[in-house]
Amino acid sequence: MTVLAPVQPAATGGGRTVLLGTVSSDAHTWNLVYLQLLLEEAGHRVINLGACVPEELFAAECHRSNPDLVVVSSVNGHGCTDGKRLAAVLRADPALADVPIVIGGKLGVDGSLTGAQVAELFAAGYTAVFDDGADRDRFLEYLGRLELVAADRSA
């Protein structure tokens, strides 16, 4: 049995705007509910687009909400394939070129991704890849590093 320590909320005003959704082929929602709660507990504002999000909707919502981070989740095993297509749409837009994009969950139909598949996701434009089995603390550490980078940029 794994026992997880509670997440400590970020300092007031320190949170970021996070855009959350699944790849276009993924109809699962409980993963999104969990991620939204985790992000909110960490002090971030979350815009949850839900399941089966078309690439164009991710791009339009990025323009509308100007997120500090885009989080893409998948549990159906098509995250690598669909995720590359999503990253291509977002990275082709010069206004979205610098927005951090992370992807996680069950990203391959055969379970864990190969090193080559992870490299493909990074080459497509993802700033972090959390393959199936990545723990919550690793994701929260990444969020903390983003906070430090954002603080450095604004100083």
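This is a predicted model: local features need pLDDT of at least 70, side-chain atom pairs count only at pLDDT 80 or more; totals for chains, interfaces and linings use all residues.
Residues are numbered from 1 along each chain as its sequence is written, and side-chain values use heavy atoms, with hydrogens and water left out.

The protein chain has five helices and five strands, and from the N terminus on they run β-α-β-α-β-α-β-α-β-α; helices here are DSSP runs of H or I with at least four residues, strands are runs of E with at least two, and both are numbered from the N terminus. Of the 155 residues, 43% count as buried, where buried means under 20% relative accessible area, exposed means over 50%, and partly exposed lies in between, with a 1.4 Å probe and protein chains only. The chain exposes about 8,000 Å², of which carbon and sulfur atoms supply 57%; these areas come from the Shrake-Rupley method with a 1.4 Å probe, and for residues only the protein chains shown count as cover.

Let me turn to helix 3, residues 79–92, which has 14 residues and reaches 19 Å from its first C-alpha to its last, close to the 20 Å expected at 1.5 Å a residue, the expected span being 1.5 Å times one less than the number of residues. Its buried residues are Gly79, Cys80, Asp82, Gly83, Leu86, Ala87 and Leu90. Seen down the helix axis, these buried residues fall within an arc of 160°, so they line one face of helix 3; the arc is that of the directions from the axis to the C-beta atoms. What covers them includes helix 2 (55–65), strand 3 (69–74), strand 4 (101–105) and helix 4 (115–124), whereas the face turned away from the buried side carries the exposed residues Thr81 and Ala92.

Now the salt bridges, each defined as a side-chain nitrogen of Lys or Arg within 4 Å of a carboxyl oxygen of Asp or Glu; by this rule the count comes to five. Which residues are linked in a network of salt bridges? They are Glu55, Asp82 and Arg85. The side chains of arginine 85 and glutamate 55 meet at 3.0 Å, N to O, and this pair links distant parts of the chain, with arginine 85 in helix 3 and glutamate 55 in helix 2, 30 residues apart. Arginine 85 also meets aspartate 82 in a salt bridge, at 3.0 Å, N to O, and here both residues lie in helix 3, three residues apart, about one turn of the helix.

Arginine 64 counts as exposed at 60% relative accessibility, whereas glutamate 61 is buried at 10%.

Notes:
Contact means heavy atoms within 4.5 Å.
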